[in-house]
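Student: I am new to this structure. Could we go through it in short steps?

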Amino acid sequence: MVVTDLFIWRIMTREEKAAYLLRTIGDQSRFKIISLLLDKPLHVSEIVRKVKLQQSLVSHHLKVLRELGILQSERKGPFIKYSVAKPEIVKIIMLAKQTTL
């Protein structure tokens, strides 16, 4: 489920939003993408090369993460550079990487 409807997002409880956020960043491909962007902003082509996924799939993940406000993008001509938009996400990712079950 991708929550793109602003009305649905507005009526979700804090717990539902938190669970949705964790499910979204818990996807292995999205987790890799966010992890790459912790160090520095990257162009889409750099992300594709580093995560070794098809460009269309990476673009889909980037769109979902951007719509949720996790990532931000900056266009320069034909190129789009992505970066982490919220410092809280950096903390969540770092904590998840340090935690072993």
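Student: Where is lysine 52 found?

Tutor: First, a note on the source: this is a predicted model, where local features need pLDDT of at least 70, side-chain atom pairs count only at pLDDT 80 or more, and totals for chains, interfaces and linings use all residues. Residues are numbered from 1 along each chain as its sequence is written, and side-chain values use heavy atoms, with hydrogens and water left out. Helices are DSSP runs (H or I, at least four residues), numbered from the N terminus. Lysine 52 is found in the loop between α4 and α5.

Student: Is lysine 52 buried or exposed?

Tutor: Buried means under 20% relative accessible area, exposed means over 50%, and partly exposed lies in between (1.4 Å probe, protein chains only). Lysine 52 has 71% relative accessibility, so the residue counts as exposed.

Student: What is the phi of lysine 52?

Tutor: Most residues other than glycine have a negative phi. Lysine 52 is not a glycine, yet its phi is positive, at about 60°.

Student: Which residues form a positive surface patch?

Tutor: Patches are made of residues with over 30% relative accessible area and no salt bridge; like charges are joined within 9 Å, and nonpolar side chains (Val, Leu, Ile, Met, Phe, Trp, Tyr) within 5 Å. Lys and Arg count as positive, Asp and Glu as negative, while His and the chain ends are not counted. The place of a charge is taken as NZ of Lys, CZ of Arg, CG of Asp or CD of Glu. The positive patch is formed by Lys40, Arg49, Lys50 and Lys81.

Student: Where is arginine 49, and is it buried or exposed?

Tutor: Arginine 49 has its place in helix α4, residues 44-51. Its relative accessibility is 55%, so arginine 49 counts as exposed.

Student: Which residues form a nonpolar patch on the surface?

Tutor: Accessible areas come from the Shrake-Rupley method with a 1.4 Å probe; for residues, only the protein chains shown count as cover. Phenylalanine 7 has a relative accessible area of 55%, so it is exposed. Together the patch has about 320 Å² of accessible area, and its residues are Phe7, Ile8 and Ile11.

Student: How many salt bridges does the structure hold?

Tutor: A salt bridge is a side-chain nitrogen of Lys or Arg within 4 Å of a carboxyl oxygen of Asp or Glu. Lysine 63 and glutamate 67 meet in one, at 3.3 Å, N to O. Glutamate 74 and lysine 76 meet in another, at 3.9 Å, N to O. The count for the structure is two.

Student: Which residues is histidine 61 in contact with, leaving aside its neighbours within four places in sequence?

Tutor: Histidine 61 lies in helix α5. At 6% relative accessibility, histidine 61 counts as buried. Contact means heavy atoms within 4.5 Å. Beyond those sequence neighbours, histidine 61 is in contact with Asp27, Ser29, Arg30 and Ile33.

Student: What separates the C-alpha atoms of valine 64 and isoleucine 25?

Tutor: Valine 64 is found in helix α5. Valine 64 is buried, with a relative accessible area of 5%. Along the chain, valine 64 and isoleucine 25 are 39 residues apart, and their C-alpha atoms are separated by 9.9 Å.

Student: Which residues does serine 35 contact, leaving aside its neighbours within four places in sequence?

Tutor: Serine 35 has its place in helix α3, residues 28-37. Its relative accessibility is 12%, so serine 35 counts as buried. With those sequence neighbours left aside, serine 35 is in contact with Ile93 and Lys97.

How values were computed. Helix = DSSP H or I, 4+ residues; strand = E, 2+ residues; numbered from the N terminus.
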